[in-house]
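Subject: Handing over a model

Hello,

I am passing a structure on to you, and I hope you enjoy looking through it. Please open it first, and then read the notes below.

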Amino acid sequence: MGASRLGFYDVPNVECRHCGETSLHRVTAFGKYFSLSIVPMFPTGVTMTAECEHCNKTIPQHEFPPALNQQYKPNKARLKRPWWHYAGVAAIAIFWIFGLVSNAIDSLDPRSEMLKNDIAQMRRTPLESDTLATKLSTMYMVATIGDQLDEADFNYLVKVKGDNALMLVSIPTLDDYDEESREQMMEVMEMVADQQFDLLTKNMYYGLRSSNKNLVVKTPTNYIVDDNIANSYLYDFYGAKE
Ligand SMILES: [Zn+2]
């Protein structure tokens, strides 16, 4: 909690509860705010004190004679809250709006829809005839972490477009694995691609996903292992932004 001075107003001819004189009282208002650490977040109220011009004694708000409280409303416009009392919520609002805007920009990129469609087409259970898929599942079996994985648990998609190739693998339980295990799984994906003649000369875009998000992404220019990877890292598979 914090407070800072908002301003003051004078009320003439008030009987002082200390010296008994009828004198001018100066009411000073303080704006209280909730703060996190030292950052003001949002206003929480106003507190006031009054000072008798005659005896200079201070009167706390709960001892105000009615005349002082009655003058609060007509003088309220003079008691301005500084903008920084809202600094925390303002910052949050700005980040929130920024997020909305970047989401909007993201959804304007046609490659966003292309990737969503490809993710939606990822299949479950490799077919016998699909040699690449069989390799993928076999590689998972022999990988050190493979024994924890059920072959039927993952979906995958491999797609070639010009000089680029996209390999998506999703494992529903991938959230449960630590970063090192996820990196090992990415290595497995790369090994599979390296063994695939038609992928050898391609620019590879790898996405290793849990059921709903990328957790490891590798592209010709980026390698990211994180719980929150933007889909946009994979967009260049579809070509440069127009
Ligand atoms: Zn007084």
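This is a predicted model: local features need pLDDT of at least 70, side-chain atom pairs count only at pLDDT 80 or more; totals for chains, interfaces and linings use all residues.

Residues are numbered from 1 along each chain as its sequence is written.

The overall picture

The protein has six helices and ten strands (DSSP runs numbered from the N terminus: H or I of at least four residues for helices, E of at least two for strands). Of its 242 residues, 24% are buried (20 or more other C-beta atoms within 10 Å of a residue's own; exposed is 12 or fewer, partly exposed is in between, and C-beta atoms are placed from the backbone). Looking at contacts (C-beta atoms, placed from the backbone, within 7 Å) between residues at least 6 apart in sequence, 59% join residues at least 24 apart.

Strands count as paired if DSSP finds at least two bridges between them. β1 (residues 2-15) and β2 (residues 22-36) run antiparallel and are joined by eleven bridges, with glycine 7 partnered by alanine 29 in β2. Six residues separate the two strands of this hairpin, and glycine 20 in the turn has a positive phi of about 80 degrees. β2 also pairs with β3 (residues 39-52), antiparallel over twelve bridges; here glycine 31 has valine 46 as its bridge partner. This hairpin has two residues between its strands, and serine 37 in the turn has a positive phi of about 55 degrees.

The cores

A nonpolar core is a set of buried Ala, Val, Leu, Ile, Met, Phe, Trp, Tyr and Cys residues joined through C-beta atoms within 7 Å. The largest has 27 residues, and Leu166, Met167, Val169, Met189, Tyr206, Leu208 and Leu234 touch the most other members. Two or more residues come from each of β6 (155-161), β7 (164-170), α6 (179-195), β8 and β9 (214-218), and α6 gives the most, six residues. Another core of 13 residues lies apart from it, with Val14, Cys16, Ala29 and Cys52 among them.

Asparagine 203 is in strand β8 (residues 203-209). Why is asparagine 203 classed as partly exposed? Because 16 other C-beta atoms lie within 10 Å of asparagine 203. Leaving out residues up to four places away in sequence, asparagine 203 touches Asp163, Asn164 and Pro220.

Best wishes

How values were computed
Two residues are in contact if their C-beta atoms, placed from the backbone, lie within 7 Å.
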